[in-house]
Amino acid sequence: MKKLKVIVCLDDNNGMLFNQRRQSQDKDLRSDMINHLHGRKLWMNEYSAKQFEEVYRPFIVVDENPAANSGEEDDCFIENFTLRPYEEKISALIIYRWNRKYPADRHLDMDLANWRLVHIEEFPGNSHDKITREEYIKGMTGEEQ
């Protein structure tokens, strides 16, 4: 079974979208995302690709169902569709947190209780004073070990 590495951006309430629009965007976050690819491709749909500058295009594969069609060694940036149908295939989850509470009508639809936080770092963004990058892998949480 193909394993996916998924990247999402969330507010403090795990919100993803409000009125079918992303809550926020940040050019420094996009740069950080590309820098962590280490040669892998970043799959996303056209909605997400529109925010990436031309300089990033060689790293991006646009596909309307990136979670279903990406390669084994590629990452998927997901903003505007559900992840639950792909949850069994997801082996790693990168969450960029805005560290704010925004209105949201779409939230992350996966329970993070089955995931283990393995790395966290903060960096200043262009539009946010602090953006937090959390890396999770599927497995037991620290309390269960």
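Me: Welcome! A disulfide is a pair of cysteine sulfur atoms within 2.5 Å. How many disulfides does the structure hold?

Reply: This is a predicted model. The sulfur of C9 has its closest cysteine sulfur in C76, 14 Å away, which is too far for a bond. With the cut-off at 2.5 Å, the number of disulfides is zero.

Me: Thanks! Is C76 buried or exposed?

Reply: Buried means under 20% relative accessible area. C76 has a relative accessible area of 0%, so C76 is buried.

Me: Let's turn to charged side chains. Which residue forms a salt bridge with R22?

Reply: R22 sits in strand β3, and its partner is in the loop between β6 and β7, 57 residues apart. The closest N and O atoms of the pair are 2.9 Å apart.

Me: Which parts of the chain does the salt bridge of E53 and R30 tie together?

Reply: The two side chains meet at 2.9 Å, N to O. E53 is partly exposed at 33% relative accessibility, whereas R30 is buried at 7%. The residues are 23 apart in sequence, so the pair ties together the loop between α2 and β5 and helix α1.

Key. Residues numbered from 1 in each chain as written. Predicted model: local features only at pLDDT ≥ 70, side-chain atom pairs only at ≥ 80, totals over all residues. Heavy atoms only, no water. Buried < 20%, exposed > 50% of the residue type's maximum accessible area, 1.4 Å probe, protein only. Salt bridge = Lys/Arg side-chain N within 4 Å of Asp/Glu carboxyl O. Helix = DSSP H or I, 4+ residues; strand = E, 2+ residues; numbered from the N terminus.
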